Amino acid sequence: MEYIVLDLEFNAAYSKTRHRFVNEIIEFGAVKLDEQLNIIDKFSELVTPQISKKLNTHVAALTHITIDELNQSHNSFSHVMSKFRKFLGDGVLMSWSNSDILVLAENYRYFFGNDKMSFLKYYVNLQKYCQRAIGYTDRSHQMGLAACAEQLGLGFEDNSLHRAYNDAELTAECFKALYEKELLKEFIFVCNDEFYARMSFKNYNICDLRDPGVDRREMYFNCDKCGRRAFRRTKWRLKNKSFRAVFRCIRCRRDFEGRIVFKRCFDHVEIIKKAVDLEVIEKNKQYKTVKKEKV
Ligand SMILES: [Zn+2]
């Protein structure tokens, strides 16, 4: 089995015919690894934009790609796509987070009118894989590629990032450093109907306590200091999409705010709990008032 690690650069392009923004791909970069994880082939292609002839300033600054370069490449999306399909073959497509595969699907739909990429057989989200392999547990933030590479002691130059090929190569290096045959199996998705449903599903925080995704049995807090079950003193209220209530630990004579988020994902609900000292909340409030007074 071969692994193809893909990275894309894209431009926020306004389509006058569809009256909406499209993430138009302007560069493909990929490396192909054999079963022993040796790099056996490389792919690097610019794409001449067809939707917008102007590059977003953020994209231009980040990638240092110019519109002239893109125009001179004389490479349409369909042309690059057919080359990439050959490059991919029956291999496993991999990318860092699912944003690139979503953008690939978006361009495929825009230019070919197909919702599904029939040439795609298997897919791995390497961000999810690497997070698990490295033991990353922060559920409120995703691990960035640069952060992962740094943690693994992989050298890279800041100015070489944000070009498709370099990013693909660095992603492949992270994968190689964290490769575990058995673990990888859990992360290989067959690209069937469920895969597309899963990919396009957007996670959201549940804001209604009556939602079946809210498990009331989980709505408790233990004291941070002594570990005992704390008593809830107030009703639950909703703020910033998290349910909040004041809790008290009888033993420590301490009040704190318990915050709980129920995040609806494709096939499960993720529960994120956080206890915040009331003093900290008070201080922040005071700080905000002082700032307002100064204004
Ligand atoms: Zn306590």
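**Exposed loop, buried helix face and core**

Reader: Is Lys241 buried or exposed?
Author: Lys241 has 12 other C-beta atoms within 10 Å. A residue is buried if 20 or more other C-beta atoms, placed from the backbone, lie within 10 Å of its own, exposed if 12 or fewer, and partly exposed in between. Lys241 therefore counts as exposed.

Reader: Where does Lys241 lie?
Author: The model is predicted: local features need pLDDT of at least 70, side-chain atom pairs count only at pLDDT 80 or more, and totals for chains, interfaces and linings use all residues. Residues are numbered from 1 along each chain as its sequence is written. Helices (H or I, at least four residues) and strands (E, at least two) are DSSP runs, numbered from the N terminus. Lys241 is in the loop between strand 9 and strand 10.

Reader: What is phi of Asn240?
Author: Asn240 is also placed in the loop between strand 9 (237-239) and strand 10 (242-249). Asn240 is not a glycine, yet its phi is positive, near 45°.

Reader: Within what arc do the buried residues of helix 5 fall?
Author: Helix 5 (residues 126-134) has Leu126, Gln127, Tyr129 and Cys130 as its buried residues. They line one face of the helix, because their directions from the helix axis to the C-beta atoms fall within an arc of 160°.

Reader: Which residues touch the most other members of the largest nonpolar core?
Author: A nonpolar core is a set of buried Ala, Val, Leu, Ile, Met, Phe, Trp, Tyr and Cys residues joined through C-beta atoms within 7 Å. The largest has 40 residues, and those touching the most other members are Ile4, Val5, Leu6, Phe28, Ala30 and Met94.
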